[in-house]
Amino acid sequence: MDTEETLDLMFYRPIGYMWALLCAKVGITPNAITIASIFLGVAGGIMFYFGKPHDLWLNYVGMFLLVWANSFDSADGQLARMTKQYSRLGRILDGLSGDFWFVAIYFAICFRVNETSDFFMQHWSGWIWVMAILAGGCHAKQAAMADYYRQFHLYFLKGKEGSELDSVEQLDKDYAQVSWKGHFWKKITMMFYRNYTANQEVMTPSMQKLRRKLKALFGDDNVPEKFRNDFRLKSKPLMKYTNMLSFNTRVIALFVSIIVRMPWLYFAFELTVLNLMLVYMILRHERICRKFIKKLDNGAY
């Protein structure tokens with residue numbers, strides 16, 4: 001309840017749960033559901049290319065496919081917990097699925113804008129590619145940091161077993177134990193995931209200092225209950241921003257921009273509103289971590 005958005009709780013989670021039950025009965029794996037969501041999301045993204053009056057119905061098909069893909073994205077995690085089929089590959093695939101969706105969406109918008117009659121883009125159509133590249137880079141950072149803060153919150157709420165929080169230190173150890181011979185793709189995947197996690201850690205220096213101090217004082221999973229509760233109370237108000245930076249808010253902005261036939265507005269939304277939200281979230285979370293570091297130094301726990 002701390003980390004879930006209302007729309008997810010009321011809509012995506014129940015639908016995802018029904019998909020998970022069905023897949024559990026017929027033996028479909030969580031990774032298969034994730035891969036299916038990639039195809040659905042990419043197909044939905046392609047539909048946003050069509051902007052001519054007689055093709056506008058295809059935009060609504062795209063919206064439907066994107067919503068369907070996200071229901072599968074909800075189902076794979078529930079299915080993994082239901083059948084205890086956890087894997088790091090599954091987590092990586094789950095994270096990549098949304099990237100595939102939005103790469104297709106970005107290309108569709110760019111190609112669409114170059115054929116549009118919109119006055120603004122008739123004169124600045126070349127810049128849509130610049131906007132797309134910048135927005136894509138920002139999107140990746142926004143989604144990565146939102147996921148990282150959510151997992152950090154869950155670590156204090158549910159412990160190590162209830163969170164997917166990773167560290168570069170542990171990933172480096174796991175990476176060293178896997179040989180290239182016979183495990184090429186696993187090694188490549190681990191390398192990319194290690195770099196993904198490293199980028200998250202670089203953006204959160206105070207959080208990393210807090211993690212090191214907690215580990216030194218209490219070990220890997222023996223953080224006092226009082227600390228967990230105190231941190232949760234401070235972190236919980238930020239969870240709404242992690243949700244807004246993840247899917248629902250950005251997709252609503254995307255759908256609105258498509259409906260009003262000005263899809264480039266979506267890039268503007270990512271570059272302004274969501275970036276400001278990201279910066280605020282990082283600064284506030286880092287300040288919270290520094291305050292708890294000071295309390296630990298003073299022996300409060």
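Let me start with a definition: axes are lines fitted to C-alpha atoms, for helices over the stretch in contact, and angles between N-to-C directions run from 0 to 180 degrees. Helices, for their part, are DSSP runs of H or I with at least four residues, numbered from the N terminus.

A word on the source. This is a predicted model, where local features need pLDDT of at least 70, side-chain atom pairs count only at pLDDT 80 or more, and totals for chains, interfaces and linings use all residues. Residues are numbered from 1 along each chain as its sequence is written, and side-chain values use heavy atoms, with hydrogens and water left out.

Now, helix pairs. Two packed helices are described by the angle between their axes and the distance between the axes.

Take helix H9, residues 205-218, and H13. They pack at about 30 degrees, with axes 8 Å apart. That makes H9 roughly parallel to H13; the label covers angles under 35 degrees, while over 145 is roughly antiparallel, 65 to 115 roughly perpendicular, and the rest oblique. The crossing of H9 and H13 is left-handed, meaning the near helix is turned anticlockwise from the far one by less than a right angle.

Who meets whom? On the H9 side, the residues include Leu210, Leu214 and Phe218. On the H13 side, they include His285, Cys289 and Phe292. Contact here means heavy atoms within 4.5 Å. The residues of the contact of H9 with H13 divide into 10 nonpolar, two polar and five charged. For these classes, Ala, Val, Leu, Ile, Met, Phe, Trp, Tyr, Cys and Pro are nonpolar, Asp, Glu, Lys and Arg are charged, and the others, Gly among them, are polar.

H9 also packs with H6. The angle is about 25 degrees, and the axes are 13 Å apart. H6 and H9 are therefore roughly parallel. Their crossing is left-handed. Tyr148, Tyr149, Phe152 and Phe156 in H6 meet Met207, Gln208, Leu210, Arg211 and Leu214 in H9. By class, the contact of H6 with H9 has seven nonpolar, one polar and one charged residues.

Next, a pair with another orientation. The axes of H2, residues 30-47, and H3, residues 57-83, come within 7 Å and cross at roughly 165 degrees. That makes H2 roughly antiparallel to H3. This crossing is left-handed.

On to the core. A nonpolar core is a set of buried Ala, Val, Leu, Ile, Met, Phe, Trp, Tyr and Cys residues joined through side-chain atoms within 4.5 Å. Buried means under 20% relative accessible area, exposed over 50%, and partly exposed in between, with a 1.4 Å probe and protein chains only. The largest core has 65 residues, and Phe231 and Leu210 are among those touching the most other members. Helix H13, residues 264-297, gives the most to this core, with 14 residues. Which residues does Phe231 touch, not counting those up to four places away in sequence? They are Phe152, Phe156, Leu210, His285, Ile288, Cys289 and Phe292.

Finally, two loop residues. Ser167 is in the loop between H6, 127-158, and H7, 168-176. Is Ser167 buried or exposed? Ser167 is buried, at 18% relative accessible area. Leaving aside neighbours within four places in sequence, Ser167 is in contact with Thr197, Glu201 and Arg211.

Arg261 lies in the loop between H12, 248-259, and H13. Arg261 has a positive phi of about 65 degrees, although it is not a glycine. At 36% relative accessibility, Arg261 counts as partly exposed.
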